[in-house]
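The structure itself is shown first.

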Amino acid sequence: MAKRPLSSYVRHTVFGLLSFILCVLLFFLSLATVLSVTLFNSSDFLFDSMNSSNYFNDKADEITEDLTDLGYASGLKEEFFDGLINGVMLSNDTQNYLESYYNGEGTKIDTTEFKQTFNAALDKYIDENNIKVTSAASRDNLVNKAAAVYKNSLEIPFFSSLSSYFLAVKAALPFVIGGLIFFIAVICVVFFLANKWKHRAVKYIYYGVAGAFLTVGVIPTIILLSGVIAKINLESRALYNLFVQCGNGICLALVFVALFFLLVAIALYIQYRRMHRKVS
């Protein structure tokens, strides 16, 4: 059996390395694309996740509980806060908050509607219980404290501190994706130009895509099957359910991308075998 020339081993090693680089580039392209169309796309992904995770009902309960604790100090009965938090108002204020954040306008939360709702409920409570208001300043102070509780409850932790980094990544992602696509295309062109037999080019591209299937699919699959995301400890039930919903959604998107790579890899392998038989 004749030995393969040294140049053949060198060529195979170089192309094998390029296949590995192609795999890595496809992995980062998948990750960047999934993040770009989910978490960094617009407020829609996060807002839809809130709806799917029962976020607004859980958040309404949390706000009501915090307001009830505040009301005890002012002599308000617990019944006063029943139904005070309007689901539509909570949803609208949260959506406006998310949109202002994604648009780079900061973390703006408008408490105007909440104050109006709180004041209207307070007027009704005073009339029904024949309470005499002796200090307008005390009432204003109560309303402002309640609005502060409402505002703080709507804020998502770390949004403010990560705002500049979030927006920087959001702005850079399209350029990162474009650059990755360019280098992937260059590697594929090199495979075809540097190989006299084109089935070899298809083989090396197949190696890279098959590797991408494994690298993209293994970790999110393990995360989903192990339920590790659900094991995170967050004090707020609303934020916990939201985090789990978003985490599982992103992992599931990566799994679908991995399945796409699997289909492409199978197609490339079939094409490689066909081309190889023609030159054998």
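In this predicted model, K151 counts as partly exposed because its relative accessibility is 29%. K151 forms a salt bridge with E155, and the closest N and O atoms of the pair are 2.9 Å apart. Side chains of opposite charge can pair when their charged atoms come close.

The count of salt bridges comes to three. Another of them joins D123 to R139, with 2.7 Å between the closest N and O atoms. This pair links distant parts of the chain, since D123 belongs to helix α5 (residues 112-128) and R139 to helix α6 (residues 136-154), 16 residues apart. D123 has a relative accessible area of 37%, so this residue is partly exposed.

A further salt bridge connects E62 with K59, whose closest N and O atoms are 3.2 Å apart. Both residues lie in helix α3, three residues apart, which is about one turn of the helix. E62 counts as buried because its relative accessibility is 19%, under the limit of 20%. K59 is buried as well, with a relative accessible area of 5%.

Helix α3 (residues 55-74) also holds D69. Together with D61, E65 and D66, D69 forms a negative surface patch. The relative accessibility of D69 is 48%, so D69 counts as partly exposed.

A nonpolar surface patch is made up of F182, F183, V186 and V190, which together have about 350 Å² of accessible area. Of these residues, V190 is located in helix α7 (residues 163-194). V190 is partly exposed, as its relative accessible area is 33%.

Terms used:
Residues numbered from 1 in each chain as written. Predicted model: local features only at pLDDT ≥ 70, side-chain atom pairs only at ≥ 80, totals over all residues. Heavy atoms only, no water. Patch = residues over 30% accessible without salt bridge, like charges linked within 9 Å, V, L, I, M, F, W, Y side chains within 5 Å. Areas by Shrake-Rupley, 256 points an atom, 1.4 Å probe, with all protein chains shown as cover. Salt bridge = Lys/Arg side-chain N within 4 Å of Asp/Glu carboxyl O. Lys, Arg positive; Asp, Glu negative; His and termini not counted. Charge placed at Lys NZ, Arg CZ, Asp CG, Glu CD. Helix = DSSP H or I, 4+ residues; strand = E, 2+ residues; numbered from the N terminus. Buried < 20%, exposed > 50% of the residue type's maximum accessible area, 1.4 Å probe, protein only.
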